[in-house]
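Reader: Could you walk me through this structure step by step? I am new to it and would like to ask questions as we go.

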Amino acid sequence: MKVLLIAISLVLLAGCQHLNQQVAKIVPTVEVVEPDPQQYRLKSWLQQLSQAMEMNPEEVQKNLKKLGTKRPQVINQLYHYAVLNQQLKDRLGWIRARDSLRIIKADKQVSGEVEMLVNMLLLHNQSMINADARDSRMLDALDQNQIQLDVAGEALRESRQHSELLQNKIDALTNLERNMSIRRALTTDAEKERKGE
């Protein structure tokens with residue numbers, strides 16, 4: 001009986017090994033893949049960017065106040081600080097965003113698609129800073145042109161007034177000369193008539 005039990009156990013054990021080999025052929029081995037931290041950061045950062053773009057200026061200011069008065073040192077908070085400042089849509093905000101993104105870009109942990117996102121945002125903010133500077137120069141030039149036009153307009157008004165005064169003097173002199181000529185003619189005629197009598 002012992003021998004029979006041992007024999008049955010061996011047969012069952014052999015069958016289990018054969019079954020394990022068959023199952024191993026059918027079921028593929030599953031490899032556990034750790035998520036790429038860069039992929040997680042990219043997805044998170046894109047979501048933050050999207051949320052910031054939907055904020056109105058008051059919400060942006062409120063969120064910036066939550067971050068404090070100083071520029072954050074932690075990369076994720078620094079990125080959040082950058083995208084919020086970018087949404088202020090003014091020169092100072094774009095400068096803060098650009099400078100923060102430069103710090104992020106210099107970090108050795110930033111690479112791949114995250115680095116591409118940072119570069120794209122850097123380019124955007126620098127372009128906005130350049131456009132703002134160009135607009136400021138153009139507005140200054142327009143102000144200077146307006147001042148020059150105002151000065152030229154004032155000079156033209158003064159010139160017209162001066163010209164009108166001169167014309168009035170010329171007219172007065174012409175009238176005076178005409179009146180004198182008429183008087184001379186009358187005086188001459190009167191003298192001729194007296195002499196002719």
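The chat below goes from the overall fold to the core, the salt bridges and the surface.

Reader: Before anything else, what kind of model is this?

Author: This is a predicted model, and that should be kept in mind for everything that follows.

Reader: Okay, how many helices and how many strands are there in the protein?

Author: The protein has six helices and zero strands, and read from the N terminus its elements run α-α-α-α-α-α.

Reader: What share of the residues is buried?

Author: Of the 197 residues in the protein, 20% are buried. As for contacts, if we take those with a separation of 6 or more, 64% are made by residues 24 or more positions apart.

Reader: Let's look inside, then. Which residues of the largest nonpolar core touch the most other members?

Author: That core holds 23 residues, and those that touch the most other members are Trp45, Tyr79, Leu101, Ile104, Leu117, Val118 and Leu121. The elements that contribute two or more residues to this core are α2 (37-54), α3 (57-67), α4 (75-86), α5 (91-106) and α6 (112-196).

Reader: And which element gives the most to this core?

Author: That is α4, which supplies seven residues to the core.

Reader: Can we zoom in on one of these residues: what does Leu101 touch?

Author: If residues up to four places away in sequence are not counted, Leu101 touches Tyr79, Ala82, Val118, Leu121, Leu122 and Asn125.

Reader: You named a Trp and a Tyr in the core, so let me ask about rings. How many aromatic pairs are counted?

Author: The count comes to one aromatic pair. The rings belong to Trp45 and Tyr79, with centres 4.1 Å apart and planes at 5°, so the pair is stacked.

Reader: Where in the chain do the two partners sit?

Author: Trp45 is in helix α2 and Tyr79 is in helix α4, 34 residues apart, and the pair thus links distant parts of the chain.

Reader: Are Trp45 and Tyr79 buried or exposed?

Author: Trp45 counts as buried because its relative accessibility is 0%. Tyr79 also has 0% relative accessibility, and therefore counts as buried.

Reader: Changing topic to charges: how many salt bridges does a search of the whole structure find?

Author: The search finds four salt bridges. One of them is formed by Arg91 with Asp132, where the closest N and O atoms are 3.7 Å apart. Arg91 lies in helix α5 and Asp132 in helix α6, so this pair ties together parts that are 41 residues apart in sequence.

Reader: How exposed are Arg91 and Asp132?

Author: Arg91 is partly exposed, at 35% relative accessibility, and Asp132 is partly exposed as well, with a relative accessible area of 23%.

Reader: How far apart in helix α5 are Asp99 and Arg102?

Author: Asp99 and Arg102 are three residues apart in helix α5, which is about one turn of the helix.

Reader: What about the burial of Arg98, Asp99 and Arg102?

Author: Arg98 counts as buried at 14% relative accessibility, whereas Asp99 is partly exposed with a relative accessible area of 23% and Arg102 is partly exposed at 45%.

Reader: Moving to the surface, which residues form a nonpolar patch there?

Author: Leu173, Leu176 and Met180 form a nonpolar patch on the surface, and together they have about 300 Å² of accessible area. Met180 lies in helix α6 and is partly exposed, with a relative accessible area of 41%.

Reader: One last thing: what is the phi of Lys89?

Author: Phi of Lys89 is near 55°, a positive value in a residue other than glycine. Most residues other than glycine have a negative phi. Lys89 sits in the loop between α4 and α5 and is exposed, with a relative accessible area of 56%.

Conventions
Residues are numbered from 1 along each chain as its sequence is written. This is a predicted model: local features need pLDDT of at least 70, side-chain atom pairs count only at pLDDT 80 or more; totals for chains, interfaces and linings use all residues. Side-chain values use heavy atoms; hydrogens and water are left out. A nonpolar core is a set of buried Ala, Val, Leu, Ile, Met, Phe, Trp, Tyr and Cys residues joined through side-chain atoms within 4.5 Å. Buried means under 20% relative accessible area, exposed over 50%, partly exposed in between (1.4 Å probe, protein chains only). Helices (H or I, at least four residues) and strands (E, at least two) are DSSP runs, numbered from the N terminus. Contact means heavy atoms within 4.5 Å. Rings of Phe, Tyr and Trp (its six-membered ring) pair if their centres lie within 6.5 Å; planes under 30 degrees apart count as stacked, over 60 as edge-to-face and the rest as tilted. Patches are made of residues with over 30% relative accessible area and no salt bridge: like charges are joined within 9 Å, nonpolar side chains (Val, Leu, Ile, Met, Phe, Trp, Tyr) within 5 Å. Accessible areas come from the Shrake-Rupley method with a 1.4 Å probe; for residues, only the protein chains shown count as cover. A salt bridge is a side-chain nitrogen of Lys or Arg within 4 Å of a carboxyl oxygen of Asp or Glu.
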